[in-house]
Amino acid sequence: MDQPSPPRIFTPRSAEAPPEQVVGVQLWLRRNLFYSPGSTVFTLLALTFTAMIVWSFVDWAFVKAVWVADSRKECQLTSPGGACWAAIIEWRKGIVYGRYPVEHLWRVNLTFGCLALWLWPMAVPRLAALRPYVLVTTVLLFPFFALPFLSGGARGLVGQAGFALSLMGLVALWSAALAALWPRSGAGRRAAWVLGEGRRIALPLGFVLAFAISWQLALPHVSTNLWGGLFLTLVIAGVGISAALPGGVLLELARRSQMPLIRYTAIVFIEVFRSVPLITVLFMAVTLMPLFLPVSWQLDKLMQAIIGICLFSSAYMAENVRAGLQALPRGQYEAAEALGLGYWQTMGFIILPQGLRLMIPNIVGAFIDMLRDTTLVSIIGLYDFLLMLRAIGHDHTWLGLYVEPLVFGGLVFFVLCYAMSRASARLERKLSRRWDKGGGA
Amino acid sequence: MTTDTDGKMIDVRDMCKWYGGFHALKHISFTVERGDRVVICGASGSGKSTLLRCLNGIEKHQRGSIRICGITLTDKPADINAILGRVGMVFQDFNLFPHLTVLENCTLALIEVQGLPRAEANELAMVQLSRVRIDDQADKYPGQLSGGQQQRVAIARALCLKPEVMLFDEPTSALDPEMVSEVLDVITDLAADGMTMVVLTHEMGFARQAANRVIYMDGGEIVEEADPDSLFDAPQVDRTRAFLSHILLHD
């Protein structure tokens, strides 16, 4: 022990290639599916079972399916074991628009087309700077734009001004997009002028013009009890989703407030709505809300359902927001305080941007839940997507045809929900790449 | 700014703080003159961090008085805001904002609190970033920097607001050993420039080189206060001696 051990000296080595990797389909199969006699038997059984199910579905849905027929009877006569898609094709307008008058369907299409125009800058990477503006105007202004088209009829001064403002918002958004994408072109330069030095002239002129357009736009009223189908489902889910996040953030901030009155109001609100099923909230919205409101304020059933869903989803969202905010270390608040940032500045610049990012999976999960939950409105008699699908089976030419519409509905819901979940995963990856590892961006 | 400071940047008198029934700070009194570099040391739980947090109003004291730059620290938000502008704080865990770039970390308060235009704020921030020798990383996110670099950014962020006093809460405790010196060098430079500062640290070499006064705290009270050489070489109190023998052995 007393003898010092002789020093050991290491010469530097250059990096070597990793040992030859044995990869390939065969190896993967052997490692994962056929690694023992038992696993081989189980794999074969499972494969057979899956193949049987898939084949019988394909057989029913495609091979033996009937695409053109006039009634369920005709379907059954042509191909007894096949799906009768002819019903869905014949009912396509009802499934998408409900009982909305056929000669006015362009109004719905135009509204959704404009929504796409409105949201389009979100998808363009070069217009990233416009995104907050897009989101805020979509939530605040787009409803004023959509209502005169979808519902029509007379509207008050507020409605007129709101429509004018929303038109200007859309024009301003597109001018900004043009100016950012093609700054050299004539259109881009004119757009930049409208937003820049021409603002003083363009703004009042634009408002007068937009107001005049709004005044001229008088479409016949389409009562909301004629709204239906996928269109109604998207309206309800869209409003619920856009209201849930701001509502949830406000509720959660209220719950964290130092002021007892605000805090306890928020706690009671959140706890009540979270402990009651949505179906109860919907019934209460339809039956109880009219009792509390003055007679002149009577809202139609759709409005009541939307309010109920907004309140319900805000309360749930508040819980998600809470999880995100609690995950942030205390030091972020202290650093903000030490820099002299006030409450709203700390929340707006430091806490919410980080908290919301942590919550993306939960938030999108809540959105997906909300989209699926909207099917409950059929219970209070709104003809949403699901109820329209079930109505096919009540139609005397297609009497008893329930399976095909429901399979079709399931497919549509799957596509919508899966798209949302992919989008959220992409957003999450992008943000984490930028903040954590910092590659790119 | 305010003139009735008599050169006293920090004047704490008979200050007490309780957490519930626990007496965390017991009758603390000390002063920091303009240009002083004070090192506070003490075991964890000795109350030194709490003391530092009381000095910029993050924690509230319950008895006695704290005057910073002539302003008495009370519960009134106006007072706390007035003090926050003059006191810069650097945290053990850096507490940079991970979703903002280095430059945005520095300019946020300049733009949002002081209302400077962005260009001017950027210019000011770059001056402070080059002062801590990290201006070449201005466009990176904190997650891309090493611990030592992050702490230097945190120092620059605090300096941007042109504080009259800098408070450092164990600025090197969360760092890997090889990064300690780059941060201490920056703080030493600041001290040489005449910045008034209070530093919580166990780095004795730094304390001897940069500080002109050392305070030893234990059990929520000040045990001993002296210039670095006399406190480290000839402590007067047994408790100080015991503490020093622990950390000197460790060094």
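Predicted model: local features only at pLDDT ≥ 70, side-chain atom pairs only at ≥ 80, totals over all residues.
View 1. Welcome to chain B, where Lys17(B) sits in strand β1, which covers residues 8-19. Lys17(B) has a relative accessibility of 4%, and because buried means under 20%, Lys17(B) counts as buried. Leaving aside residues up to four places away in sequence, Lys17(B) touches Phe22(B), His23(B), Ala24(B) and Leu25(B), along with Thr50(B) and Cys54(B), and also Glu59(B), Lys60(B), His61(B) and Gln62(B).

**View 2. Serine 185 of chain A, in a loop between two helices.** Here we move to chain A, where Ser185(A) belongs to the loop between α9 (157-181) and α10 (186-195). With a relative accessibility of 29%, Ser185(A) counts as partly exposed. Look for a polar atom of the Ser185(A) side chain: the backbone nitrogen of Gly188(A) lies 3.1 Å from that atom.

**View 3. Helices α14 and α16 of chain A, packed together.** Two packed helices are described by the angle between their axes and the distance between the axes. For α14(A), residues 278-287, and α16(A), residues 301-326, the angle is about 140° and the axes are 8 Å apart. The two helices are therefore oblique to each other, and α14(A) passes α16(A) in a right-handed crossing. On the α14(A) side, the contact is made by Leu278(A), Val281(A), Leu282(A), Ala285(A) and Val286(A). Their partners on α16(A) are Lys301(A), Gln304(A), Ala305(A), Gly308(A), Ile309(A) and Phe312(A). Taken by type, the residues of this contact are 8 nonpolar, 2 polar and 1 charged.

**View 4. Helix α8 of chain A and what covers its buried residues.** This helix spans residues 142-150, and its buried residues are Phe142(A), Phe145(A), Ala146(A), Pro148(A), Phe149(A) and Leu150(A). Among the elements that cover these buried residues are α6 (105-119), α7 (131-140), α9 and α12 (229-255), also of chain A.

**View 5. Threonine 78 of chain A, in helix α3.** Our last stop is Thr78(A), found in helix α3, which runs over residues 72-78 of chain A. Thr78(A) counts as exposed, at 56% relative accessibility. The side chain of Thr78(A) reaches the backbone oxygen of Glu74(A) at a distance of 2.4 Å.

Note on methods. Residues numbered from 1 in each chain as written. Chains lettered and ligands numbered in written order. Heavy atoms only, no water. Helix = DSSP H or I, 4+ residues; strand = E, 2+ residues; numbered from the N terminus. Buried < 20%, exposed > 50% of the residue type's maximum accessible area, 1.4 Å probe, protein only. Contact = heavy atoms within 4.5 Å. Polar contact = N/O pair within 3.5 Å; in protein donor to acceptor, adjacent residues only side chain to side chain. Axes fitted to C-alpha atoms, helices over the stretch in contact; angles between N-to-C directions. Parallel < 35°, antiparallel > 145°, perpendicular 65-115°, else oblique. Left-handed = near helix turned anticlockwise from the far one by under 90°. Nonpolar A, V, L, I, M, F, W, Y, C, P; charged D, E, K, R; others polar.
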